[in-house]
Amino acid sequence: MPCGEDWLSHPLGIVQGFFAQNGVNPDWEKKVIEYFKEKLKENNAPKWVPSLNEVPLHYLKPNSFVKFRCMIQDMFDPEFYMGVYETVNQNTKARVLHFGKYRDVAECGPQQELDLNSPRSTTLERQTFYCVPVPGESMWVKEAYVNANQARVSPSTSYTPSRHKRSYEDDEDMDLQPHKQKDQHTGARQAGSVSGLQWRGEPKRLETEASTGQQLNSLNLSSPFDLNFPLPGEKGPACLVKVYEDCDCFKVNDVLEFYGILSVDPVLSILSSDERDASALLDPMECTDTAEEQRVHSPPASLVPRIHVVLAQKLQHINPLLPACLNKEESRTFVSSFLSELSPVRAELLGFLTHALLGDSLAAEYLILHLISTVYTRRDVLPLGKFTVNLSGCPRNSTFTEHLYRIIQHLVPASFRLQMTIENMNHLKFIPHKDYTANRLVSGLLQLPNNTSLVIDETLLEQGQLDTPGVHNVTALSNLITWQKVDYDFSYHQMEFPCSINVLITSEGRSLLPADCQIHLQPQLMPPNMEEYMNSLLSTVLPSVLNKFRIFLTLLRFLDYSISDEITKAVEDDFVEMRKNDPQSITADDLHQLLVVARFLSLSAGQTTLSRERWLRAKQLESLRRNRLQQQKCVNGNEL
């Protein structure tokens, strides 16, 4: 095993060590992965890895080991790269093998030439993902990750290459870079200038991996580069993530943490006039990339850095207060310990939400059930476990809904508030669509990772006319709520993307959108200054208590749940009895609703099986909710 190398600062040195020991034997790649996997198992090692989420890009050393917590926004076509390539010294004729994995730039030392005809060279394939920070990630989540990170970084506002570099691209988006980062501080930079571009792998590559401010000017692009974030106002870096192993395990909208080697070489951001002139000599039939596709797939590395993935981990959740993987043996102690003190946490959370809902404890009960709900399976097309709540009776022309959302933001890891105005419905883009000119998936508001809390504020809706896009947006919201899926627009067809999004609708009367459950708010108090009231509520909660609320709402989503045969029989008998007394009082849909309420009521108490007590409590809550709706209907003379 290589030793004496700093695996954080010089990971390519580690890789070079394994490559030198094993040569073209593919075992060296497995040994590299195993080495970094073992390193990350060491005490607190992941906390020492700099994160692109927390550390500005100019503070990170090129070719250093980094991590990135993100969502896959798009998947580009697979690309080819040279897994192994050979250089020849022009003076001594000595030949040296280099690895191309984890690199973007092929670098040759003084007097060295790349031998593209070498029989020892190999061409391999990798996948490129366009990744963005987790949409709607709450500020408390970001702050917790920042506070936990112990990486030592220092500002480095410029990057001066220490070697002669030659831009190399074989087929799709790749240049390669040697491991040596010393001894070559002198000499002129060579960027794809040897023999014109005759030695390059495939002409298509000329147009894809090199693009910069120079290129932006040449394309007359007046607008800044669009990072394609799904939600407005999002900040953070987007990254082109190069994946080498298990590419088929990932899909669009997955949330992952990638560990890999950072590539921000300026050569990636240069498209010289020589290269453009050379590309004009190539067969036009082979240069199929459009200028727009070139711009999107090869953005400036200073804006969109590259990460060459060594290890990837799908994230069950992004709550930094919990173990990353709750299924592992070492996490069970944490889970069992927290569940043992669940009852007082639930009681405090109920009191907190009751105050947030202006003294309405019944609405607070349903809000808890909503916040821990999740789609746990699908039966045919029906998603089981979804629990969309319509909180009606919200005061109009008040800041109540805005401040209620702020409370929710402080509790859940990711959320977004959609202000349902006529203008927003007509002009915002909800559905992601395929742009065939740029060959990318253009994001929309509904491209969200699972377990995001989506709060739809219908109290802002005024009279007006929905145009065609507005009608399509309303339909998209209805499909999301009913079927927990979003139909992405691929022009010639639609593609279903299943999801699990917690939708809370705040409205004055009954919502225009479908909902699994409507609870009418009955405020017990109306503070003269809503902002002052809600700020006071947040400030009175101890940070430690707030963290328990956050753990509570995340952890309970992942608990298993079952109903014993005995309780199933009791529920069936109860249903038959209720139908016998009043056939109109309960339907099969009502029974399903009762079972959903009972499920999340049980889980909120830390119980993974349904008890008779929880079943009766679910029936009581549903009775109170229905009676309240009926009373309100009688008062107003119309249906809510």
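Because the model is predicted, local features are reported only at a pLDDT of at least 70 and side-chain atom pairs only at 80 or more, while totals for chains, interfaces and linings use all residues. Residues are numbered from 1 along each chain as its sequence is written, and side-chain values use heavy atoms, with hydrogens and water left out.

Confidence is expressed as pLDDT, the predictor's confidence in each residue on a scale from 0 to 100. The protein chain has an average pLDDT of 84, and 84% of the residues score at least 70. In residues 157–223 the pLDDT falls below 50, although this stretch has 222 contacts in the model beyond near neighbours in sequence; a contact means heavy atoms within 4.5 Å. Residues 271–286 also have a pLDDT below 50, with 21 such contacts. Where pLDDT is low, the predicted coordinates should not be read in detail.

The salt bridges come next. A salt bridge is defined as a side-chain nitrogen of Lys or Arg within 4 Å of a carboxyl oxygen of Asp or Glu, and by this rule the count is 33. One of them joins E245 to K101, with the closest N and O atoms 2.5 Å apart. E245 lies in the loop between strand 6 (239–243) and strand 7 (255–263), and K101 in the loop between strand 3 (95–99) and strand 4 (112–115), so this pair ties together parts that are 144 residues apart in sequence. Helices (H or I, at least four residues) and strands (E, at least two) are DSSP runs, numbered from the N terminus. Burial is judged by relative accessible area: buried means under 20%, exposed over 50%, and partly exposed in between, with a 1.4 Å probe and protein chains only. E245 is partly exposed because its relative accessibility is 26%, whereas K101, at 1%, is buried.

A second bridge is formed by the side chains of D516 and K386, at 2.5 Å from N to O. D516 sits in the loop between strand 18 (502–506) and strand 19 (517–520), and K386 in the loop between strand 10 and strand 11 (389–392); the pair therefore ties together parts that are 130 residues apart in sequence. With a relative accessible area of 23%, D516 is partly exposed, while K386 counts as buried at 14%.

E496 and K485 meet in a further salt bridge, at 3.7 Å from N to O. E496 belongs to strand 17 (residues 494–498) and K485 to strand 16, so the bridge ties together parts that are eleven residues apart in sequence. E496 is exposed because its relative accessibility is 52%, but K485 is buried at 15%. Elsewhere, salt bridges with shared partners join E54, R69, E137 and K142 into one network.

The backbone is considered next. Most residues other than glycine have a negative phi. N451, in contrast, has a positive phi near 70° and is not a glycine. N451 is found in the loop between strand 14 (440–442) and strand 15 (453–457) and counts as buried because its relative accessibility is 18%. Q484, likewise not a glycine, has a positive phi of about 50°. Q484 is placed in the loop between helix 12 (468–483) and strand 16 (485–489), and its relative accessible area of 1% makes it buried.

On the surface, V381, L382 and W483 form a nonpolar patch with about 270 Å² of accessible area together. Patches are made of residues with over 30% relative accessible area and no salt bridge, like charges being joined within 9 Å and nonpolar side chains (Val, Leu, Ile, Met, Phe, Trp, Tyr) within 5 Å. The areas come from the Shrake-Rupley method with a 1.4 Å probe, and for residues only the protein chains shown count as cover. V381 occupies the loop between strand 9 (377–379) and strand 10 (382–384), and V381 is exposed because its relative accessibility is 59%.

Finally, helix 16 (residues 588–604) contains 17 residues and reaches 24 Å from its first C-alpha to its last, close to the 24 Å expected at 1.5 Å a residue. The expected span is 1.5 Å times one less than the number of residues. Helix 16 is mostly covered, with 13 of its 17 residues buried. G606, which follows helix 16, has a positive phi near 80°.
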